[in-house]
Amino acid sequence: MRKLEKENRTEFDSEVTQVGKRWYCIVTKLHNGEFYERIYVRVQSKDKDGYHGKIDTTPSGKVDFKRGAPIDVPIEKVADWVIVSPNGEEQGNLTGKAME
């Protein structure tokens, strides 16, 4: 997994600490042997080691996890980030935009 570029992560980190109506997600992978699923994690807090939140992806069946389950994601395991405004406008989500 490529590391999230530091300059982009810094932008995300400065936003995630602000209180407001926007929501913040990171993208990472959950593994089960040779299989993995790319998941979105709705961020609730951050510290020097990583992000803490709840899984915001419905499982497709390759990896056993539950939507809404708590999860901690180390900084080096973050592949992408997304900030969504109440009007649906997105910042980040480079992975999703590349797949469109």
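Visitor: Hi! How many bridges join β3 to β4, and which way do the two strands run?
Guide: Hello! There are 5 bridges between β3 and β4, and the strands run antiparallel. Keep in mind that this is a predicted model.

Visitor: Which residues stand opposite each other there?
Guide: One example is Gly53, which stands opposite Ile71 in β4. Another is Tyr51, whose bridge partner in β4 is Val73. Tyr51 also has Lys46 standing opposite it.

Visitor: Let me step back. How many helices and strands does the protein have?
Guide: The count is 2 helices and 6 strands. Following the sequence, you read α-β-β-β-β-β-β-α.

Visitor: In what order do the strands sit in the sheet?
Guide: The order is β4-β3-β2-β1-β5-β6, in an open sheet of 6 strands with antiparallel pairing. β4 and β6 (90–92) stand at the edges with a single partner strand each, so one side of each has no neighbour in the sheet. From one strand to the next, the twist averages 40°.

Visitor: How many bridges pair β1 and β2?
Guide: That pair has 8 bridges, in the antiparallel sense. Within it, Lys29 has Arg38 of β2 as its bridge partner. β1 and β2 form a hairpin with 2 residues between the strands, and Gly33 takes a positive phi near 65° in that hairpin.

Visitor: And what about β2 and β3?
Guide: β2 and β3 pair over 6 bridges, also in the antiparallel sense. They form a hairpin too, with 2 residues between them. If you want a pair to look at, find Val41 and its bridge partner in β3, Ile55.

Visitor: Now for the inside. Which residues have the most contacts within the largest nonpolar core?
Guide: Those are Ile26, Leu30, Ile39 and Ile71, in a core of 16 residues. At least two residues of this core come from each of β1, β2 (35–47), β3, β4 (70–74) and β5 (80–84).

Visitor: Let's zoom in on Ile39. What does Ile39 touch?
Guide: Leaving out residues up to four places away in sequence, Ile39 touches Ile26, Val27, Thr28, Leu30, Ile55, Thr57, Phe65 and Ile71.

Visitor: I see Thr28 in that list. Is Thr28 buried or exposed?
Guide: Thr28 is buried, because its relative accessible area is 3%, which is under the 20% cut-off. You will find Thr28 in strand β1 (residues 23–32). A polar atom of the Thr28 side chain lies 2.7 Å from the backbone oxygen of Lys77.

Visitor: What else does Thr57 touch?
Guide: Besides Tyr40, Thr57 touches Arg38, Ile39, Phe65 and Arg67, again not counting residues up to four places away in sequence.

Visitor: Changing topic: is Lys54 buried, exposed or partly exposed?
Guide: Lys54 counts as partly exposed, because its relative accessibility is 38%, and that class runs between 20% and 50%. Lys54 has its place in strand β3 (residues 50–55).

Visitor: Which residues does Lys54 touch?
Guide: Not counting residues up to four places away in sequence, Lys54 touches Tyr40, Val41, Arg42, Gln44, Gly68, Ala69, Pro70 and Ile71.

Visitor: One last thing: what share of the contacts with a separation of 6 or more comes from residues 24 or more positions apart?
Guide: Those residues account for 47% of such contacts in the protein.

Methods
Residues numbered from 1 in each chain as written. Predicted model: local features only at pLDDT ≥ 70, side-chain atom pairs only at ≥ 80, totals over all residues. Heavy atoms only, no water. Helix = DSSP H or I, 4+ residues; strand = E, 2+ residues; numbered from the N terminus. Buried < 20%, exposed > 50% of the residue type's maximum accessible area, 1.4 Å probe, protein only. Contact = heavy atoms within 4.5 Å. Polar contact = N/O pair within 3.5 Å; in protein donor to acceptor, adjacent residues only side chain to side chain. Core = buried A, V, L, I, M, F, W, Y, C linked by side-chain atoms within 4.5 Å. Pairing = 2+ DSSP bridges. Axes fitted to C-alpha atoms, helices over the stretch in contact; angles between N-to-C directions.
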